[in-house]
Amino acid sequence: VRNHPRPGSDEQLALAQRLVDRMLASSVGGEAADLLGDFYFERGNFARAGRNWTLALVHGSATGRDALRLQVKQAWAAARGGERDEARRLYEQLSARYGEAVLTIGGNEVDAIAMIGQALDLGGSGRADEIPQAPRPALSMPRPGARPAWNTKFLSEKNVSLTKKPRQDRYYYYGRVPNPLMRHVPPVVADDKGVYFHWLGVVFALDRETGKILWQDGSVGETAGTVPLRQHTGASDPRSYQVALAGESLLVINTSPDDERYNRFALRAYDKASGATLWASTRREDWRLHIGDKAHDASVLGQVLVTDTAGYAVVHPRSMTDCFLRRFDPATGRVEWTMPLGMADALVFDDESKRMPQPLLLAGKGLVYVLTNNGALVAVDTAAGQIDWGLTMGVPFGAGAGASNPWNGWNSPLHTKLDKMANPNGSGSVLLHDGVLYAKQHYGTTLFSIDPQTGRLHWSRDGLDRDARLVGINARRFFLASNKIRGYELDGDRDLVWNNTNNTYKHDQAGALLMGEHILMLGKDELRLARIDNGDFEKNPVFEDEDYLGRSGGRLYRWDNLLVCINRTQITAYRLEPDNDNQP
């Protein structure tokens, strides 16, 4: 049942039901009832999900943490299904017996009992979007000279040179044109077994402990040779190549293999363990967009959002700028509903290439927030499939602009700014913190503070760097990284508190993490800490290693005790050990 060729199908559900009917009073029957509960929960049938988890608990053989997980599932299904009295009873039983239950949910360690209490507004904020994080021990940085836990170089110097080779016909007619794909830093996701990243169409799965490549889809050499070809197509925006986790699947946005002009992005699901393709949007008729009496191939924009119950993506017809939000089943790719978002202002170049805005998605309580990066933030009711509220934010620089003739203007101020817009790390940000929604558009100058349920604007802070990325927010300040690190007061006049220019950043190398009372930054061949109370860097780099960190900056990620640094050519992991001195 678990390895059914059509995950999430009615046939898989029927097989699980047969096992429950025939073998309930056994470990196999109990596991099948647990799995059947998962199926019904994913379909939104919380009552049947709860009943099956009860069967698994009563008649199966689960003990210890497995039994605790089933009890948490029971309470969560009752809370999601509106059975507040039953959810409250189960919550009180769990609280009395365990006090807290730290479980891995959605890839994060959370206090599951507190999560249920918050959803029921029992001694918490009542916001299901705020999952209380389990307390983390203080961790120390690697000591100078320490070797990484593992390092994998995925792009050789030979392949780097292939990405720089100009396409001869375009070079002749349009001159030397900036190619942002050469600066692409792959996005990375991880779970308790693997680390996964996506370089311009090549997908890698690495063992989390050793860094060994478990599987790889695509040839780096062949892909590097296509980079110059994509330079004047809709595939020239490095923010388009995304990756996301969805249970046992890995969802990847990449150019469609059957599209020679590289102007359509498709969504493909891989099995995390084997790398086998589970489904692809190009192979599903329901992924086509029907406008009037015509059916159009759908191209995916921005990142994919995966929640406990569904996946969400913004799509548009590849020949049009009409945008739609689509809800789908991550296990099968089946489309559940599609709703219009409006028409985008695309950036159009004279060589006929077109760059669409890359929206960002964030899950809230019964809502999905869509930061269009094109002048608006909208909240979509996920049950009704319609817009709940919208906020006009002003069109960011470059949206709807047409570049001048390359013969005369590739070195013009406009082209210089448009080149910066191709920030591979993306400067757009949307996040929830302490019951407030914060949003900054890609290449916009304003940070907005918003009520997440009503869309009411609390305040806005203008005059920010266009390419600045929101690093994080704490109780007092918010922090931005561009070619400098800046801290601002969160309330009041939102004044600039400190401005640290002593760093190695460029606009496309915003590798920074907010960690406790420090900001950790990845610059040229070094990791450095700055205290957030004054913005001063530590006198010496925390860690310095050109061989593993490179000289071009990159991205930083932290998963529990694993610190991952990735740049344009290699990915490196360092193990963070508990710090006896209680320092970050």
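In this predicted model, the side chains of Asp297 and Arg264 meet in a salt bridge, with 4.0 Å from N to O. The pair links distant parts of the chain, for Asp297 lies in the loop between β14 (294-296) and β15 (298-306), whereas Arg264 lies in the loop between β10 (249-255) and β11 (265-271), 33 residues apart. The two partners can also be placed by their accessibility: Arg264 has a relative accessible area of 7% and is therefore buried, while Asp297, at 22% relative accessibility, counts as partly exposed, because buried means under 20% and exposed means over 50%.

A second salt bridge is formed by Lys73 and Asp38, whose closest N and O atoms are 3.0 Å apart. This pair, too, links distant parts of the chain, with Lys73 in helix α4 (residues 64-80) and Asp38 in helix α2 (residues 27-42), 35 residues apart. Lys73 has a relative accessible area of 18%, so this lysine is buried, and Asp38, with a relative accessible area of 23%, is partly exposed.

Glu11 has a relative accessibility of 42% and so counts as partly exposed. With the criterion of a Lys or Arg side-chain nitrogen within 4 Å of an Asp or Glu carboxyl oxygen, the count for the model comes to 16 salt bridges.

The axes of helix α5 (residues 84-98) and helix α6 (residues 112-119) come within 10 Å and cross at roughly 150 degrees. Because angles over 145 degrees count as roughly antiparallel, α5 is roughly antiparallel to α6, and the crossing in which α5 passes α6 is left-handed.

Which residues make this contact? On the side of α5 they are Arg84, Tyr91, Leu94, Ser95 and Tyr98, and on the side of α6 they are Ile113, Ile116, Gly117 and Ala119.

Definitions and conventions:
Residues are numbered from 1 along each chain as its sequence is written. This is a predicted model: local features need pLDDT of at least 70, side-chain atom pairs count only at pLDDT 80 or more; totals for chains, interfaces and linings use all residues. Side-chain values use heavy atoms; hydrogens and water are left out. Buried means under 20% relative accessible area, exposed over 50%, partly exposed in between (1.4 Å probe, protein chains only). Helices (H or I, at least four residues) and strands (E, at least two) are DSSP runs, numbered from the N terminus. Axes are lines fitted to C-alpha atoms, for helices over the stretch in contact, and angles run from 0 to 180 degrees between N-to-C directions. Angles under 35 degrees count as roughly parallel, over 145 as roughly antiparallel, 65 to 115 as roughly perpendicular and the rest as oblique. A crossing is left-handed if the near helix is turned anticlockwise from the far one by less than a right angle, and right-handed if clockwise. Contact means heavy atoms within 4.5 Å.
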